[in-house]
Amino acid sequence: MSFTARDIKVYREDEKTGHKNLSATDREKLVKNYLPAPPTHSPGPGHKRKNEKSHFGIRKFLRSQIYILLYIFVHAIFSVYIRIRTAYHAVSLQILSIIKYHHNTPDYIRRDVSTLRRLPKHVSVILTLEDGGRAGDALEKLVNEAAEVAAWCTSAGIPRLSIYERTGVLKRFMLETHHSLAHKLKSWFGKHQAPPLSLSTRGAQTIHSTNREYLAHGQTPLDVVLISEDDGREAMVDLTKVLVQMVQKEKISTADITTDVLDNELSEAVMPEPDLLISFQPYVDLQGYPPWPIRLTEIYCTPDNEGVRYQVFLQGLRKYTEATFKLGK
């Protein structure tokens, strides 16, 4: 509602006289008719905010409880699945260990692999030093595991085995390792029928054991290579130094250094690329395995497995048989 002309005139005359014509009460009466009606009684804003906050707190509490219940449900389902999977693999491996037990006899292993379409020429395995070597019998157990795998490979007719152990402890005890491997082969094949064994590692002289009677029994000689984490980085560093020196002496040019040259040099310095890599861990853990020799290698492990088992070795050979290798042009 706008002011009338009469009220405007009265107010302006009073203003010109310094508000002497109208008292404070008269001025209030003048503008009272133009003020809006007072609001009806309603809850204050503070009460409204309190109710909103209360509702919001209840919703937040209910939402958090739903999330907790959902988390517990998913966690319970996943835990049941893991337990069932672990039990299934444990039972299946135990049954397979009974059915396919080799009895330390090469003929049983030959029978197991006779149905496979193909066998790898080079098998590599990853072994782990138990408790980092702190246990008193950790080294002895590691050497025994290496000897077992060597006997399996020889019985299956696999000519080359590379054993990776991250710390390189086997390389520091080459003579003891060679003695253990040779003793294991003699216990499996007989003292005079055991095939020749050679044990080598980068930067050390190869250890040979010969048995000229093996040819009469159709045995395949076994070449064992010991590798560790140092054979990855240090091998690359040593090769780089050699190539730099050769370029500086103008024996070769930089154009002569190709991928094939690097691959051949590294293969001769350490080992050629394996066809099959077996990890006896419950998951694929390369533990610093040199990456350059396993570009096309079939990698195998058995979920929930613990320890070096012949059944895992046999399943790895079967996996290799079923694998399809597609090389790019």
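The model is predicted, so local features need a pLDDT of at least 70 and side-chain atom pairs count only at pLDDT 80 or more, while totals for chains, interfaces and linings use all residues. Residues are numbered from 1 along each chain as its sequence is written, and side-chain values use heavy atoms, with hydrogens and water left out.

## The overall picture

Let us begin with the whole chain. The protein has 10 helices and 7 strands. Here helices (H or I, at least four residues) and strands (E, at least two) are DSSP runs, numbered from the N terminus. Of the 329 residues, 34% count as buried. Buried means under 20% relative accessible area, exposed means over 50%, and partly exposed lies in between, using a 1.4 Å probe and protein chains only. Among contacts between residues at least 6 apart in sequence, 70% join residues at least 24 apart. A contact means heavy atoms within 4.5 Å.

Now look at β3, which covers residues 197–201; 5 of its 5 residues are buried. Which way do its residues point? Leu197, Leu199 and Thr201 point one way, and Ser198 and Ser200 point the other way. In a regular strand the side chains alternate between the two faces of the sheet.

Two strands are said to pair if DSSP finds at least two bridges between them. β3 is joined to β4 (residues 207–209) by 3 bridges, and these strands run antiparallel. In this pairing, leucine 197 stands opposite serine 209. The hairpin of β3 and β4 has 5 residues between the strands, and glycine 203 takes a positive phi near 85° there. β3 also pairs with β5 (residues 222–227), this time in the parallel sense over 5 bridges. Leucine 197 has leucine 222 as its bridge partner in β5.

## Strand β6 and its partners

Strand β6 spans residues 276–279, with Leu276 and Ile278 pointing one way, Leu277 and Ser279 the other way, and all of them buried. β1 (residues 122–126) is joined to β6 by 4 bridges and runs parallel to it. Valine 123 stands opposite leucine 276. β6 is also joined to β7 (residues 298–301) by 4 bridges, again in parallel. Here leucine 277 has isoleucine 299 in β7 as its bridge partner.

## Two helices checked by length

Just after α1, glycine 18 takes a positive phi of about 75°. α7 is followed by glycine 190, with a positive phi near 105°.

The buried residues of α7 include Met174, His178, Leu181, Leu185 and Trp188. What covers the buried residues of α7? Among the covering elements are α5 (138–156), β3, β4 and β5.

Asparagine 104 has a positive phi of about 55° although it is not a glycine. Its place is in the loop between α3 (45–99) and α4. Asparagine 104 counts as partly exposed because its relative accessibility is 38%.

Aspartate 304 is not a glycine either, and its phi is positive at about 65°. Aspartate 304 lies in the loop between β7 and α10 (310–322). With a relative accessibility of 23%, aspartate 304 counts as partly exposed.

## A residue at the end of the tour

Valine 247 is found in helix α8 (residues 230–248). Leaving aside residues up to four places away in sequence, valine 247 touches Ile252, Thr254 and Ile257. Valine 247 and isoleucine 257 are 10 residues apart in sequence and 9.6 Å apart in space, C-alpha to C-alpha.
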